[in-house]
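Hello,

Please find the structure below. My notes on what was found in it follow.

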Amino acid sequence: MSKRDDARKAAHKLARKTGWSVDDFEAKSPIEKLQELDAKDRSKDTYEDSEACAECAKAREESGDETALCQEHLAAAMGF
Ligand SMILES: [Zn+2]
């Protein structure tokens, strides 16, 4: 079973738990993107977004890791 399937299952589980309409939820782009794009594509978009982010710049500086991201962009990179 792929991670993508796990994410899909988790989304369904969450939707049931919160009473969201799964159909509406899945019609919206973040989940569709999550299903369609692989992690590399998501990361690429996120790194482009994060270029102008001061928090990301700070995270890179502090960690010495030039791929470091602030919490917000890290979450985005993970598909949230
Ligand atoms: Zn950032």
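Glu 66 is a place to start: this residue sits in the loop between α5 and α6 (71-77). Helices here are DSSP runs of H or I of at least four residues, strands are runs of E of at least two, and both are numbered from the N terminus. Glu 66 is exposed, with 7 other C-beta atoms within 10 Å. From Glu 66 to Cys 56 the C-alpha to C-alpha separation is 9.4 Å, and the two are 10 residues apart in sequence.

This is a predicted model, in which local features need pLDDT of at least 70 and side-chain atom pairs count only at pLDDT 80 or more, while totals for chains, interfaces and linings use all residues. Numbering runs from 1 along each chain as its sequence is written.

Helix α5 covers residues 54-63; one of its 10 residues is buried, so the helix lies largely in the open. Gly 64 follows α5 and has a positive phi, near 70°.

As for the protein chain, it has six helices and zero strands. Of its 80 residues, 5% are buried.

On confidence, pLDDT is the predictor's confidence in each residue, from 0 to 100. The protein chain averages 76, and 60% of the residues score at least 70. Among its elements, α5 has the highest mean pLDDT (94) and helix α2 (residues 22-27) the lowest (57). Where pLDDT is low, the predicted coordinates should not be read in detail.

Regards

Definitions and conventions: Buried ≥ 20, exposed ≤ 12 C-beta atoms within 10 Å, placed from the backbone.
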